[in-house]
Each structure stands twice: as structure tokens, then as C-alpha cells.
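Trainee: I would like to learn how to read features off a model. Please take me through some.

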Amino acid sequence: MQMKQKNMIRRMTDVGLTVLLLCLMAYQVTGEALHEWLGIGMTVLVIIHQLLNAKWYGALLKGKYHALRITQTAVNVLLLLSFAMTALCGMAMSAHAVPFLNGMLPVSFARQMHLSLSHWAFVLMGLHLGMHIPIMAAKLTDKKKKALSAVLCVISAAGLFFLLKNGLYNYLFFKVPFAFFDDEKAAVLVFVENAAILLFFAFIGMQSAALLKKSKKEKQEKVLFPILLMIIPIVIGSVLFTITAF
């Protein structure tokens, strides 16, 4: 397979994974049956993604491990594990896609792990995407890079607000055994909120990659800039949530 074709398939797979993830996080829109089949599609795409990136596994024990590579490797491994456990626990509760696997794990365990780890996969997917943005934006001019950062910064503030408002942290830290959905919320709004939350973590991943890539010789202000950009949406999103909570 030619490199251009392989890269095109990689990009299509990445887009497919992102779209399917957003659909899977919109359970109240898709319903149970479609949610299960989307999960099967996600599992297949994850496997294809791993096969397309087989060289990455072969290079794990080679070369030097600097701060950025260590962080990216940790995120990738944790993301794969969370995907695998989410799929396994989902299949253990399946009533439509793979009902013959239903009951292979205790229901209470499978439900809690599926709920929490699916949200961890969501967070890690955002970080994973964000850490690749500097590479994808490498050919942009400095002005366009700053414009991109500004736009993502604003969206990220909204993303953190939605994260806090929807109580996603409760799922991440195993605080609740069931998901609580607003069935009256418009489908478009569900996807917009989830996309904003995903972009919040992508923005954090993007700035983390920029920060970790800085060398010790670079000026202090260049190192502090990514930190400042990460703080801004966190402060704005937190303030907005605090104001609207009362």
C-alpha cells in the first residue's frame, strides 16, 4: 500500500473514530440498540487503527524517551485500555448487537465500569487528538496558529462549562452507577456540548504538547504561554459554572 493511500485511510479512520465517539456519548439521542451497534463499529475501527499504526508498537522500545514522548505513550496506552474495557463491559450487557455475550461479567460491575471508562476514553481521546494538532498545524503561519489557539481557547471554556454543568466528573470518578440524561434536550445541543467538551481536552492536549516540546534553552515567556492558554479556559469555564449554579 502506498504511503499516501495509507495516510488517507489513517485520516478517515481518525475522523470515523471521532464521529462515532461523539455519537456513542449521545446515548439519549441514539437509543440503546443503535448505541450497541455504534459500539461494535467503534471496536472494529479501533482494531483497524491499531493495525495501521503497527510500526508505533515496534518502536516502543527504541529511541530516547523525552517528556513529550512519555506523555503521548502513556495517553495512547491508557486510551487503548479504556477502549478495550469499555467494549468488553458493553458487550457483557448487550441485548441487541451481541446478546450471546450478555452476562459474561457481573452486571453491576459491567455497568459501572462501562459508564466510567467510556468517559475516561472520551477524555483521553481528546488529549490524544490535541497532542497531534501541533503536527497537523506545523505548516500554518504564526498568525494562523495564534488564531487557531484563540478559537479553541474560547470553545474550550464552553466545553469545561458543559462538563461541569452535566456532571461528567461524577462518571469519571465512579461516583454514580447510572447515567442521568436530559431527554428533553435537543439532539443538536447534545452533540454541540459533547463536541465542546472533547475540544476542551483536545486544547489541553495541544498546549501540553507545545509545552513539553519546548527545550530548556527557550525563553521563559515561550514556556509560560502554553500554561497561560490552558489556565484561561479553566478559569472562564469555572466562573461561568459558578455564576449559573446560583
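Mentor: Start with Leu160, which is found in helix α7. Helices here are DSSP runs (H or I, at least four residues), numbered from the N terminus. This is a predicted model: local features need pLDDT of at least 70, side-chain atom pairs count only at pLDDT 80 or more, and totals for chains, interfaces and linings use all residues. Residues are numbered from 1 along each chain as its sequence is written, and side-chain values use heavy atoms, with hydrogens and water left out.

Trainee: Is Leu160 buried or exposed?

Mentor: Buried means under 20% relative accessible area, exposed over 50%, partly exposed in between (1.4 Å probe, protein chains only). Leu160 has 8% relative accessibility, so it counts as buried. The buried residues of α7 also include Leu152, Cys153 and Phe161.

Trainee: What is Leu160 in contact with, leaving aside its neighbours within four places in sequence?

Mentor: Contact means heavy atoms within 4.5 Å. Leu160 touches Phe200, Pro233, Ile234, Gly237 and Ser238 by that test. Also look at Ile197: its C-alpha atom is 6.1 Å from that of Leu160, and the two are 37 residues apart along the chain.

Trainee: How many Å should helix α7 span?

Mentor: The expected span is 1.5 Å times one less than the number of residues. α7 (residues 142–165) has 24 residues, so it should span 34 Å; its end C-alpha atoms are 34 Å apart, which agrees.

Trainee: How are two packed helices described?

Mentor: By the angle between their axes and the distance between the axes. Axes are lines fitted to C-alpha atoms, for helices over the stretch in contact; angles run from 0 to 180 degrees between N-to-C directions. Helix α5 (residues 67–91) and α9 pack at about 150 degrees, axes 8 Å apart. α5 and α9 are therefore roughly antiparallel (under 35 degrees is roughly parallel, over 145 roughly antiparallel, 65 to 115 roughly perpendicular, the rest oblique). Ala67, Leu68 and Thr71 of α5 meet Ala209, Leu212 and Lys213 of α9.

Trainee: How many aromatic pairs does a search of the whole structure find?

Mentor: Rings of Phe, Tyr and Trp (its six-membered ring) pair if their centres lie within 6.5 Å; planes under 30 degrees apart count as stacked, over 60 as edge-to-face and the rest as tilted. The search finds 5 pairs. Tyr27 and Phe181 have ring centres 5.5 Å apart and planes at 20 degrees, so they are stacked.

Trainee: Which residue has a positive phi although it is not a glycine?

Mentor: Most residues other than glycine have a negative phi. Phe174 has a positive one, about 55 degrees. Phe174 sits in the loop between α8 and α9.

Key. Helix = DSSP H or I, 4+ residues; strand = E, 2+ residues; numbered from the N terminus.
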